[in-house]
Amino acid sequence: MAQLTEHDIKEIVAKVIGAMQSSPEAKKTWDATQYGGRKFIGVYEDMKSAIDAANNGYKAVRAMSVEERERIITEIRKLTREEAHIMAEMGVAETGMGKVEHKRLKHLLVADKTPGTEDIVSTAKTGDSGLTLIEMAPFGVVGAITPSTNPSETVICNSIGMIAAGNGVVFNPHPNAIATSNYAVDLVNRACRAAGGPEVLVCSTGKPTMESAAIMQSHPLIKLLVCTGGPGVVKAVLSSGKKAIGAGAGNPPVIVDDTADIMKAAKDIIDGCTFDNNLPCIAEKEVFAFDNIADRLIDGMKRAGAYQITAAQADELAKIVLVEKTKKDGTKTKIVNRDCVGRDADVILAKIGVNVGKEIRCIICETDFMHDFVQEELMMPILPIVRVSNIDEAIDLACKAEAGRRHTAHMHSKNIDNLSRFARAVETTIFVKNAPSYAGIGFGGEGHTTFTIAGPTGEGITSARSFTRQRRCVMADSFRII
Ligand code: NAD
């Protein structure tokens, strides 16, 4: 019998772990209502009970001082830091997607850089007619729909902002990440109790479905909907007739021109594209490279851990990572194969018979603009590279690939005219220059973080103030001191 090499053994172990993670039996072991024998606080049988409990949470928050709210948030930050590793491991094991260490870092980012009550600022206007005060008030109970790609990160980030704003919150988590999301709901409630707050502050259900989301959307106690997810669910909440914040899909293009520091650009792009196996909606999804630097860029990417496949292999892989689906009207569309989303590059490559080790973190290929890898949001470490001859072509194709989602775009260049032209043309919520994509959410870049980037509805990099409504109080002719 032939002897197994170290590489063969690693591959077998990776395949067994992969099969365990994606098998229905493995998923069954995740309990949406408890962890290690500890029953989750704030997780209810059905959506209506969860909304009633969240409404009680809202009444409790309303009765609190800002200082008391901030104490709860400080405790949420502390527990998030302490339990980041547990949630990271749970997220990967339950969904089969992403990387534990990167998910851990995302939790730390949420703990450290999600704004709290300091984000809520009142303003005053004085003049001949007296004083007018403008305060940012809570909406009431917020209904939040969260994704499978950053499940606990989004629950905690949303909770901090929504509590800081004085709201109650009920979550309808993604069905593929219920246990991880509900762990985060429980963490927020444990933090609340530890800080002397109410027994239950934020709520969820043990069986989130499209139906429970529909109940949430039409319930009279829900005053604001916040949806973080793909186009289908964002469209659903925006059609609900309620005030809604929609944080939808992206397909972030990257332009690299011939003034960029090419080796740095190559490494930055691979670092950003492979972070949590490309699950973040802001991550680099396709590259438009000037023809005269493309070879060097590809070489730099390979040095940074990328593996280049041929055009024929890219076509073969496209048939695996995208599957055809028949829509209700009978027309056909392509959707991503959930068994490939957020998977390691070597696991994806093995599907076309290419065996590499874990040191390969990204699959790159040269394609034309119309290739599915460019057009579809894959959320996996596959990066197509399209050659362009000049900045006009680069901007034109990059904008077409972003396709009006107004989400995120990136550029590597030292030419300020090129940088400004692309930023203006693409009109995205986030535009990152000369850095990995995650700099755009405060990881190695300035500014606060969020896991709910609301392009379609315009709140942008959401924070506590996004979950408030303006109220005005007028005192005519008095209360000026000058
Ligand atoms: P998804 O769209 O599959 O699901 C999101 C949630 O919506 C889930 O709870 C799902 O069950 C529910 N849902 C789906 N369709 C619905 C409908 N019609 N009515 C009610 N509920 C519905 O999300 P996912 O795959 O976990 O997340 C990935 C997508 O989300 C990507 O497109 C990504 O770009 C996007 N995303 C955006 C942001 C952002 O901040 N803009 C952040 C994370 C993810």
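**View 1. The ligand between two domains.** Because domain 1 (6-248 + 461-470) and domain 2 (253-443) both contribute residues to the shell around the ligand, the ligand lies between them. Domain bounds come from an automatic or database domain assignment. The model is predicted: local features need pLDDT of at least 70 and side-chain atom pairs pLDDT 80 or more, while totals for chains, interfaces and linings use all residues. Residue numbers run from 1 along each chain as its sequence is written, and side-chain values use heavy atoms, without hydrogens and water.

**View 2. The shell around the ligand.** Around the ligand are 30 residues, counted when a heavy atom lies within 4 Å of it. Ser148, Gly230, Arg338, Glu377 and Ile453 come nearest. The shell has 14 nonpolar, 14 polar and two charged residues, with Gly classed as polar. Helix α9 (231-238) is one of the elements supplying at least two shell residues; its three are the largest share. Helices are DSSP runs (H or I, at least four residues).

View 3. A ligand nitrogen lies 2.8 Å from a backbone N or O atom of Gly248, and a ligand nitrogen is 3.2 Å from a polar side-chain atom of His407. A side-chain N or O atom of His174 is 3.3 Å from a ligand oxygen.

Terms used. A polar contact is a pair of N or O atoms within 3.5 Å; within protein, one must be able to donate a hydrogen and the other to accept it, and residues adjacent in sequence count only if both atoms are side-chain atoms.
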